[in-house]
Structures are given as C-alpha cells and as structure tokens.
Amino acid sequence: MSSRTLPLLFINLGGEMLYILDQRLRAQNIPADKAKKVMNDIITTMFNKKFLEELFKPQELYSKKALRTVFDRLAHASIMRLNQASMDKLYDLMTMAFKYQVLLCPRPKDILLVCFNHMDAIKDFVKDTPNILSQVDETYRQLIEIYSPLSSGEFQLIRQTLLIFFQDMHIRVSIFLKDKVQNSNGRFVLPTSGPVPYGTQTPGLIRLFSCNGEEVKRQQFRNGGNYAGVLREGSFDMFGDRVIKLGTNMYSVSRPVETHMSGTSKNSAQHAKQVNTAPNPLAKEELNLLARLMGGLEVQKPGNADSGFRVNLFATDEEEEEALISRPNDLSFGVINIQATKDLQANAELAKIMGEFTEAGEPCTSPSSKGDDLLAMMDGL
C-alpha cells in the first residue's frame, strides 16, 4: 500500500463532487450568487492550508466510512444542504467516476494528469476569486513537488492502492450504462482499442533478437483491436495541455444521471456490515488520524437558517423520498464502542472540531465526558 495515495484520492473525488454540484445547482435554477458561494466555500475548505498540511503527510488510506465522513462534512461546508439519499447518490457518482478514470489510465503515472484535469476545472470555478485561486495554485505546487520525482513503480503502487480501495464498489451509473462502458452488474468494460500509453508502440509486431542483441526476425500478428500511437505526452506542469481527457467534466452537457446498487455491491455491503460488528482495535487510531485531518477544515456556518437551501440530486422530490425509504440498512453505519476515557487531552481537540461542524439552529448537547465526544463522532462513520 502506498502512503502517498490519500491526496490524489481526496482531490480527484473532490473534483468530481464539484462537477456534480455545479450541474445540480444549475439544473435547479439556484440563484447565481448562492451557487457561487457554495462552490467557493467548498473549494476554500478543500484547499485550506492546515487541511492540506495534514492531507499531504505520508499516511495510509482511511477506511471507506472515514473518508465518506470527510466528504459529508465538506459537502455541507456552505449554505447548501443535502439529505441522506442525495448524499448517498453524490458519493456513489464521485467514487464510480474516479474508479473508471483509474481503470482507464494508460499509464500509472497518468493518474497525476487526471488529478491535474480536476485541478484545472476547479481553478476555472474560482478564476474570479484571487484569494481562493492562490490556495489552488499552492496545491498545484505541492502536487508537482511531491509526485513529479516518483518512479513508475511508485505510481503503480499508488494505482494498485486505489484499485484495492474501489474493488468492492459496483454502483451502476446511467451515463456509463448508456455509453456501454459499464455492464448491468456494475463492472466496467475496458476497451480493446484506442491510444496506447505514451512511449509505447502499437501491438502487432514481434521482433526476435540474437544473443548479441541484433534483430534477426520480424513477425506481424493481428492485434484484435484498433490501436493508435500517442504523439506527445500530457503536461505535468501547472499549465499546459494534459492530452488525456480522463478527469474532465462529463456533466458539462446536461444529462440525467441515475445510480443503482448492483447485487454484488449489496452482498459486499452486507458482508462489510457483518465484519464491522466485531470490535476494531484500529478504530481509535483511525479516528485520531481523521480528527487531525478534519481539524484543518474551517467550516463556515450559515448566517441564519433562511439563507440556506437544499439541493436534490434526484429528478424529483418524490424520487428522493423513495430512495431514502428504500435505502439499504447496510448503508446505515453502526456505532463502534471505543474505550477512550484515558485520552482526555487528545479528545479535547476533537470536541472543538465537532463543535465547529454543528449546523446552525441545531441544539448542542453537553457530553458528560470528553470520551463521549469521540464516541459521538462515530455516529457519522
């Protein structure tokens, strides 16, 4: 497992989240000023300096539940609110889109180009806001500084780590199904044609060499596809043509998007639920890491309840209500009991963080101990 995977996972998933929210804000005719505020607030939170300092530290990936919690908080970092069914759909779309991009990357190193495509789009969202733009530019510099020196083998390990993270996710997405790049069981269809990785030759030729290294024979064969060579490599600088289109906004043309959990995913979710009933000795350590990561989030609270609004990721409110009712119990995360009463000093910071996440108008309860603050956070995991 690569310890350099988390920043790429977070930024790419965050980019997909912004694509989806931008499309829904426009589809629901949200006033331009409110829509811009939502996008700016979320991007400001994503690229907060303290948050990025924690994010870019070498570390193992968090569990799916822990990462989902981070994006739950991030999606509500502004005046916009999503109910549980819409948040489920948002996260499904985010994860399946990035999984598809990772699978289709010609080379492991091209995952960085996918990330830059997301970064380029995010930069365009805030092009008129200089202070947020400077945060995004600083993230570019960190990405280039950290990932440019990595070898092909290290990028392969990053790609493998990402695929392990995504391996049990088989959510069917209408766009992918209509484009025939996803099967009805939620698994993606990998192409047998198209451009080959940069620096490689198109298949169809076998060359035989002597023990002296001299070519002695050539033999052609039918490759079974329609391959093409790539003339130039995508730019790994802050500016430039990325060449590959993976990671660009597939919602730029308005298309209805639906998600459905496949039978395989339901079985996986049920299995995960059974596994999670056992005490997890690493859960407290993961919470401590998550607390430090979320500690950098400066969540802005709405000025008053009237200024907020709700976004629906479904075509109608009725569809959203139906999805909420039919939501599998497997997706409702249970509470893991952790003995945390001895870690009073560490939990004080977490209590402060959770206080900042309390929504406007939401009654605050006074926990009996700092340990209860840590356990309260598990409700969102």
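A crossing of two helices is left-handed if the near helix is turned anticlockwise from the far one by less than a right angle, and right-handed if clockwise. In this predicted model, local features need pLDDT of at least 70, side-chain atom pairs count only at pLDDT 80 or more, and totals for chains, interfaces and linings use all residues. Residues are numbered from 1 along each chain as its sequence is written, and side-chain values use heavy atoms, leaving out hydrogens and water.

**Helices α1 and α5**

- The crossing of α1 and α5 is right-handed.
- Helix α1 (residues 6-27) packs against helix α5 (residues 84-104) at about 125°, with axes 9 Å apart.
- Contacts (heavy atoms within 4.5 Å) join α1 residues including L8, L13 and I20 to α5 residues including L90, M94 and F98.
- By class, this contact has eleven nonpolar, three polar and one charged residues.

**Aromatic pairs**

- Rings of Phe, Tyr and Trp (its six-membered ring) pair if their centres lie within 6.5 Å; planes under 30 degrees apart count as stacked, over 60 as edge-to-face and the rest as tilted.
- The count comes to nine aromatic pairs.
- Y100 and F188 have ring centres 5.0 Å apart and planes at 45°, so the pair is tilted.
- Y100 is buried (under 20% relative accessible area), at 15%, and F188 is buried at 12%.
- The rings of F116 and Y140 are stacked, with centres 6.0 Å apart and planes at 25°.
- Ring pairs also link F10, F51, F71 and Y91 into a cluster.

How values were computed. Axes fitted to C-alpha atoms, helices over the stretch in contact; angles between N-to-C directions. Helix = DSSP H or I, 4+ residues; strand = E, 2+ residues; numbered from the N terminus. Nonpolar A, V, L, I, M, F, W, Y, C, P; charged D, E, K, R; others polar. Buried < 20%, exposed > 50% of the residue type's maximum accessible area, 1.4 Å probe, protein only.
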